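The tour goes stop by stop.

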Amino acid sequence: MCAHVLVAEDDEMQAELIRRSLLAEGHTATVVHDGRAALEAARRLRPDLVVLDLMLPVIDGFGVCRVLRRDDDIPVLMLTARTAEDDVLLGLELGADDYMTKPYSPRELMARIRTVLRRSGRAPAERRDEPAVRAGAVTVDPVRHEVRCEDVPVECTPAEFEILLAMAGEPERVFSRRQLLEVTRGTDRASTERAVDVHVMNLRRKIEADPRRPARLLTVFGVGYKLSGGRG
């Protein structure tokens with residue numbers, strides 16, 4: 001099995017490049033060139049992901065995303081040449097799952113698509129053999145999208161899940177805030193390294209016996225954070 005990706009891009013050359021990259025990754029792709037066609041295709045085909053250009057004719061990407069979020073939960077990755085912070089924030093507030101600015105490399109776009117599919121639970125079947133990872137008392141299962149601490153389920157936001165998945169995969173490795181920001185949001189997302197501190201603070205409330213004296217999710221002063229491999 002593979003993911004079915006709807007590409008809504010009015011630049012035909014860009015759309016064809018994305019389509020070929022998706023096919024090379026083992027996905028299937030449907031391409032449309034305006035916002036109305038994107039909404040019609042999304043309703044008819046129910047794709048696993050929509051790659052959505054912001055500057056579409058007829059209905060722009062903002063309008064398409066607004067309708068998709070009102071009617072469905074299809075993941076949306078927005079593409080745009082507009083880099084103003086207000087545009088980025090609006091796209092995210094409307095529910096886009098990720099956001100990339102042009103120009104971008106096809107390789108980076110495919111990596112973002114894999115990440116969004118994994119977060120949404122719509123990853124292609126060949127990725128669903130990915131094993132759970134463990135760091136001490138914390139287990140992260142990317143297949144079931146579950147986190148457990150001392151075998152007790154832990155409810156996490158998507159960003160928190162991505163932080164724990166990365167850190168549990170390499171216990172005791174120190175991650176910088178920039179690295180964790182890229183894991184959770186990508187370099188194009190409207191966020192700052194300060195957001196990572198907030199995610200860590202929230203995670204400590206969930207996995208630490210005493211969040212004020214963490215024994216699992218540790219601060220390495222002047223560097224970043226690490227997840228202990230001990231029982232904690």
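This is a predicted model. Start by selecting E9 with everything around it. Leaving out residues up to four places away in sequence, E9 touches Q14, A15, V32, H33, D53, L56, L79 and K102. Now show the side chains of E9 and K102: a polar contact of 3.0 Å joins them.

Is E9 buried or exposed? Its relative accessibility is 1%, so E9 counts as buried, the cut-off being under 20%. Color the flanking elements next. E9 sits in the loop between β1 (4–8) and α1 (12–24).

Move on to the largest nonpolar core, which has 24 residues. Select V140, M167, I207, L217 and L227, the residues with the most contacts inside this core. Then show β7 (138–141), β8 (146–149), α6 (158–169), α7 (177–184), α8 (193–207) and β12 (224–227); each supplies at least two residues of the core. Which element gives the most? That is α6, with seven residues.

Setting aside neighbours within four places in sequence, M167 is in contact with F175, L180, L217, Y225, K226 and L227.

Finish with α6 and α8. They pack at an angle of about 80 degrees, and their axes are 10 Å apart. That angle makes α6 roughly perpendicular to α8. Select A159, E160, I163 and L164 in α6, then H199, N202, L203, K206 and I207 in α8; here the two helices meet. By class, this contact has five nonpolar, two polar and two charged residues.

Terms used. Residues numbered from 1 in each chain as written. Predicted model: local features only at pLDDT ≥ 70, side-chain atom pairs only at ≥ 80, totals over all residues. Heavy atoms only, no water. Helix = DSSP H or I, 4+ residues; strand = E, 2+ residues; numbered from the N terminus. Buried < 20%, exposed > 50% of the residue type's maximum accessible area, 1.4 Å probe, protein only. Polar contact = N/O pair within 3.5 Å; in protein donor to acceptor, adjacent residues only side chain to side chain. Contact = heavy atoms within 4.5 Å. Core = buried A, V, L, I, M, F, W, Y, C linked by side-chain atoms within 4.5 Å. Axes fitted to C-alpha atoms, helices over the stretch in contact; angles between N-to-C directions. Parallel < 35°, antiparallel > 145°, perpendicular 65-115°, else oblique. Nonpolar A, V, L, I, M, F, W, Y, C, P; charged D, E, K, R; others polar.
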